[in-house]
Amino acid sequence: MPILLVFALTAACLPVDWPAPLLGGGLETSATFTITAVGLSLIAAFTLRTWVVRTLHRSPDQKIEVSQTYARLRRRLFFINMGMVAGCVLVFGWGWLTQELLVVNWGGKSLIAPFAELAVPLPYFAILFSAWLIYYDAERTLHCTTILGPNNKEFWSRIGYFLNHLRQFALLVMLPVILFVTQQTIDRFFPETTQSDWYWLGSMAAILPLLLFMPLLIKPLLGLRTMPAGPVRARLEALAKRLRFHCTDFLLWPTHGAIANAMIVGFLPRIRYVIFTDRILNELPPDELDAVFGHEVGHAKHGHMWLYTVFLSLSITTLAAAFLLLGQQLKLPKSAEKWFDFSQLIFAFSYIFLVFGYLSRRCERQADVYGCRAVSCINSNCLGHDETTVYPERAKRLCATGIRTFIGALQRVHMVNGNSGFDDDRAQTLRAIIGGFFEWMRSWLHSTMSRRITFLRTLIGNPQNEQLFQLHMRMLRVGLILGLVATLFGLCVVEWDNVDKDAMMPESSPLQE
């Protein structure tokens with residue numbers, strides 16, 4: 001959900017003339033309703049926290065049910081809070097209030113203060129930061145409770161828990177938002193600078209180094225550590241050698257058992273890390289951990305990060321060109337220009353959500369297949385693996401046991417992270433449909449676990465299904481990139497024609513008396 005948050009916060013920071021409270025009144029009305037909304041959200045969080053703590057103290061044997069319900073309700077509260085904050089800005093007039101109060105005099109004009117855009121989503125920040133402190137007790141109780149009763153497992157201190165979440169939020173969400181707000185501030189106070197060619201060339205030139213060297217920042221900012229020497233690291237290094245995969249290091253993400261996850265960061269082998277949380281190392285058996293590692297390697301082998309970068313760069317450039325051309329054709333009045341900017345962001349968000357979401361889900365599926373291949377033997381119809389099993393180099397084969405191993409890893413990670421059963425197991429009631437919608441929204445970049453598993457099962461004993469899928473992936477890559485390039489070229493041709501027409505129009509001269 002970080003990408004959803006980035007878009008939502010970016011939308012809140014746009015230079016839009018936000019409406020005054022639709023309910024009437026002034027600054028006091030806006031502040032009162034907004035504070036009330038934030039308070040209601042925190043009351044809901046405290047209620048959920050209290051229920052978890054009291055239930056586990058009374059009945060520790062219900063830990064699994066409590067954990068699943070807690071995770072499900074927190075996910076739903078995330079979307080409810082997003083809607084509530086949008087209501088504060090658009091209905092209760094919070095955005096208008098910030099623009100009325102946070103004003104400075106600059107060059108004889110009243111301008112919104114530097115970085116004042118960040119005050120628009122301030123209600124969300126207040127909910128988020130307070131919720132971390134509230135949910136700490138629930139998280140600690142879940143971590144320190146087994147079905148037999150309390151245990152003495154180590155967990156974060158409250159301030160450590162808060163800072164851990166703050167580091168993740170700052171790096172994964174706030175960094176792009178702050179860069180956007182910085183650009184807005186410079187454009188507001190130094191418009192001549194932002195309109196110069198050297199400014200845009202410098203900004204574009206800084207993007208590639210930032211992307212390439214970002215992994216060097218992730219390690220200290222997230223508190224990651226080099227994975228210690230031992231059987232797990234030795235096994236991963238051996239598998240990397242067999243897969244012909246190179247990275248800078250294997251990193252351990254200490255979460256005190258809060259998350260079971262793995263990820264790969266970095267475009268280049270010399271600045272690339274594979275990250276495992278402590279819980280996934282503790283919970284998964286060796287063969288399933290190998291499959292998860294293979295999934296991460298699959299992203300690198302198939303060039304997914306480069307594909308995402310090229311696709312998003314072309315998409316943003318094409319959308320910007322289309323909006324620029326549309327704005328020239330519409331010739332909007334000054335009062336409507338900022339709302340046109342807002343509508344552009346909504347359209348761009350919808351495009352990214354639908355098109356990039358679809359591409360990402362397909363790439364995740366392709367990485368899943370590679371994860372299966374990483375633990376597959378040379379016999380496509382094998383019945384199991386043992387110490388004598390021969391695994392091919394570069395993951396060139398796909399067997400039934402490899403597929404089942406990766407499916408087992410997906411199921412275990414899904415359950416360990418506090419999720420309930422799979423969609424296939426639920427009756428199609430209204431509650432199940434609503435729950436499925438929230439589950440799909442949460443996993444819009446990866447697809448739901450049930451869909452991923454269902455697809456992998458279709459590959460068992462059907463090698464032609466995998467070949468057809470890989471063909472579809474190649475066609476999808478080429479089709480998307482060529483489609484964007486063709487669209488961008490067409491927009492450039494239209495703009496060039498408009499420039500030629502303007503140049504050919506004769507200059508009008510005043511009438512002679």
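This is a predicted model: local features need pLDDT of at least 70, side-chain atom pairs count only at pLDDT 80 or more; totals for chains, interfaces and linings use all residues.
Local features require pLDDT of at least 70 and side-chain atom pairs count only at pLDDT 80 or more, while totals for chains, interfaces and linings use all residues. Residues are numbered from 1 along each chain as its sequence is written, and side-chain values use heavy atoms, with hydrogens and water left out.

Side chains of opposite charge can pair when their charged atoms come close. A salt bridge is defined as a side-chain nitrogen of Lys or Arg within 4 Å of a carboxyl oxygen of Asp or Glu; the count comes to 13. In one of these, the closest N and O atoms of Arg 412 and Glu 288 are 2.7 Å apart. Arg 412 belongs to helix 14 (residues 400-416) and Glu 288 to helix 11 (residues 286-301), so the pair ties together parts 124 residues apart in sequence. Helices are DSSP runs (H or I, at least four residues), numbered from the N terminus. Glu 288 is buried, with a relative accessible area of 8%, whereas Arg 412 is partly exposed at 34% (buried, under 20%; exposed, over 50%; partly exposed, in between; 1.4 Å probe, protein chains only).

Arg 452 also meets Asp 368 in a salt bridge (2.8 Å, N to O). Asp 368 lies in helix 13 and Arg 452 in helix 16, so this pair ties together parts 84 residues apart in sequence. Asp 368 is buried at 1% relative accessibility, and Arg 452 is buried at 8%. Elsewhere, salt bridges that share partners join Arg 49, Asp 137 and Arg 158 into one network.

Conventions: Helices (H or I, at least four residues) and strands (E, at least two) are DSSP runs, numbered from the N terminus.
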